[in-house]
Amino acid sequence: MTSTASKPKNYTSLAFKRAFKETLVNTVLALGASIVSVIIAFSSTAADIALSGANYNHDSEYFTVEIMPPVVFVLALITGFFSLTTVPRMFRQIYKKQSCDSYFSVPIKREEYFVANYFYGFLVNIVCFILPLAVYLGAIQTMKSNLIDLGYVLKFASVFMLAVLAMYSAFVVCAVISGKRIQYLILSLICLFCTSTMLTGIATKICSIWGFSGDLTLLNALSPIDNAIAGAYFYEGVEADNVIPLIIISLVEIIGLFIAGYIAFKKRKAETAESSLSGKVIPYVILAILVGAAFFFSATGTGAVDIVVGIVLATLMAMAFGGIFYKKVFTKQTLITLIGVCTVFTTLSIVVTLPIFNGYVKYVPEASEVDSIEFSSVANYGSYTTGINELLGTSVGYTDFGDAITFVEQENIEKVIALHNKSIEDEAIKTTRKKNNVSLLRTMLFMDSYYDDAYISDASYRIKYNLADGSTVERVYSVSNNLVTKEYYDVFQNEEALWQLEPMKYDNEKFLGVECSVYNNGDEYSEESVELVNFDIEQYKKALVKDYLSMQRTTFISEFDSFESSYYGMYYGKYYDYDEYYPVCNVDLYFANDDITDEELAEYKKMPTSRLLNAIYEDYDKNYKAWYFSRDFSNDYTNTVEYLNSCGAGLN
């Protein structure tokens with residue numbers, strides 16, 4: 001007989017050690033792969049620095065934005081693969097009846113097993129991610145100081161690390177409800193690849209309500225793997241307000257999945273080994289995700305045929321799920337899940353296109369109710385892939401809006417309201433809904449395209465009303481340009497709008513200098529630089545605004561592509577055909593960057609033009625202390641050309 005005093009008191013630590021021994025090979029391989037990946041990355045960067053020597057001209061922004069993301073992504077990929085392959089090994093005893101019986105008969109609570117295994121894998125993920133990354137950053141810092149924007153990198157890395165831990169937690173839940181390893185693998189793939197498809201489908205339906213806009217990238221972050229991809233989308237302009245929602249979502253996912261796994265493992269029945277799934281809720285939640293993804297794979301479109309095909313695909317997936325996991329095409333629970341999901345999503349698909357929403361979509365404030373309007377046009381328009389859909393070669397578009405133009409003058413407020421009213425006419429709604437009736441299935445079958453000319457030529461914009469009572473009304477529209485061209489350009493061809501666009505909005509205090517190139521329209525294209533005398537940026541802006549205000553509408557539309565930060569998409573940038581048309585000059589305006597020091601700015605302003613331009617070009621590749629705004633001008637710009645001539649341009 002064994003004395004009770006000799007029995008171990010801390011079963012959790014023993015279970016932790018057991019998990020360590022059983023997965024040691026996986027741990028070593030994951031850590032080794034992470035270290036090798038950062039060694040390769042460091043070798044490449046170090047060789048570049050060493051060979052370039054003093055001529056190495058990449059700053060911290062380039063290194064942080066261009067070099068770091070692949071390193072972080074590879075580490076996330078390695079740790080994610082470690083989680084996928086290691087989790088079933090940590091719980092392998094529950095996949096065989098004989099092992100399962102003995103596993104659950106030892107004097108240790110199931111939850112202690114679960115906690116020990118879970119936190120062992122959790123710790124390994126952190127070590128395999130953080131340790132190599134810290135070594136890499138430290139090594140780079142010894143090679144060249146101030147090359148790393150550490151705060152910037154940590155924001156990005158934290159999003160990826162938490163996303164990996166959320167994926168790991170999802171794998172654990174799949175593992176503890178599975179009866180076999182193959183079931184675990186199937187469940188894991190459903191969680192990885194189907195969650196975002198379902199969520200994107202829901203978002204697409206809701207966004208089809210006229211005037212409603214949702215951030216599909218943040219929505220997709222509800223899928224653990226997509227949280228990392230969402231972080232990658234935000235990385236180049238990563239700010240706290242972009243990263244914090246992703247971090248919060250991952251933390252909620254980690255905690256929620258840990259609790260779900262804890263409860264599922266605690267209540268798991270030993271007889272489910274080598275058979276069906278364990279649990280009364282989680283398996284059907286995963287089935288609902290699979291069914292929803294299958295439905296929206298077709299029914300992201302708004303046609304009746306899309307909905308019917310979506311229901312058929314959802315039914316086939318439910319039948320396959322039941323056959324694999326329950327040995328029946330349908331059980332009572334799987335049939336209820338299928339009917340419930342299809343009913344909800346079919347209802348959503350129908351309801352969002354009904355006239356019942358006209359009261360919502362067609363509400364426009366009266367001009368007398370509006371204090372000001374913030375109007376944002378498209379800065380970069382197109383179809384952007386979001387989440388895991390990028391890996392599948394499919395996409396759901398979202399629109400990135402530029403800086404808002406603020407209107408407070410009553411006349412211009414009325415112009416925006418006129419555009420709003422035009423955008424919600426029945427013809428506009430009908431035309432746009434028909435055009436955007438696109439499904440993932442038809443896209444993969446090359447029946448639909450997100451890149452067709454009709455889709456790209458929409459006028460897309462956001463209107464935010466600040467009302468006198470303190471409330472706000474915000475709408476987002478994407479309307480066929482031929483329906484709203486007049487009203488759209490009425491919003492821009494006024495002095496209040498133009499002074500908030502490029503280059504008029506740029507700070508005169510940061511203006512450094514100007515370079516004017518004169519075009520000679522002979523048989524051969526050529527240009528020569530002319531130094532302008534007593535050039536005044538404010539007078540130049542006034543002349544340019546005056547020209548835009550006096551232009552005929554067709555000319556204004558043609559030339560308006562120069563305001564890329566506030567407008568892009570209704571028409572692409574204008575490219576002059578030099579066989580038919582010759583601009584008379586090109587003007588480059590040079591401005592100091594916001595992070596330039598007062599001393600550097602004062603030194604630049606003291607320089608004569610020729611020396612200033614040389615200094616700017618010398619610094620351009622190294623320090624990025626200045627940037628320029630370039631614009632071609634024809635004789636149509638009467639006031640601008642006249643002013644440039646007054647500065648000595650000598651234009652014809």
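**Charged side chains on the surface**

Glu474 is partly exposed, with 39% relative accessible area, where partly exposed lies between buried, under 20%, and exposed, over 50% (1.4 Å probe, protein chains only). Before I go on, please keep in mind that this is a predicted model, in which local features need pLDDT of at least 70 and side-chain atom pairs count only at pLDDT 80 or more, while totals for chains, interfaces and linings use all residues. Residues are numbered from 1 along each chain as its sequence is written, and side-chain values use heavy atoms, with hydrogens and water left out.

Glu474 forms a salt bridge with Arg462 at 3.1 Å, N to O, the term meaning a side-chain nitrogen of Lys or Arg within 4 Å of a carboxyl oxygen of Asp or Glu. Because Glu474 sits in strand E5 (residues 472-480) and Arg462 in strand E4 (residues 458-467), this pair ties together parts that are 12 residues apart in sequence; strands here are DSSP runs of E, at least two residues, and helices are runs of H or I, at least four, numbered from the N terminus. Arg462 is itself partly exposed, at 24%.

By this rule there are four salt bridges, and another of them joins Asp426 and Lys362 at 2.4 Å, N to O. Asp426 belongs to helix H18 (residues 426-435) and Lys362 to the loop between H15 and E1, so here the parts tied together are 64 residues apart in sequence. Asp426 is exposed at 54%, whereas Lys362 is partly exposed at 29%.

Finally, Glu366, which is exposed with a relative accessible area of 51%, has its place in the loop between helix H15 (358-361) and strand E1 (370-380).
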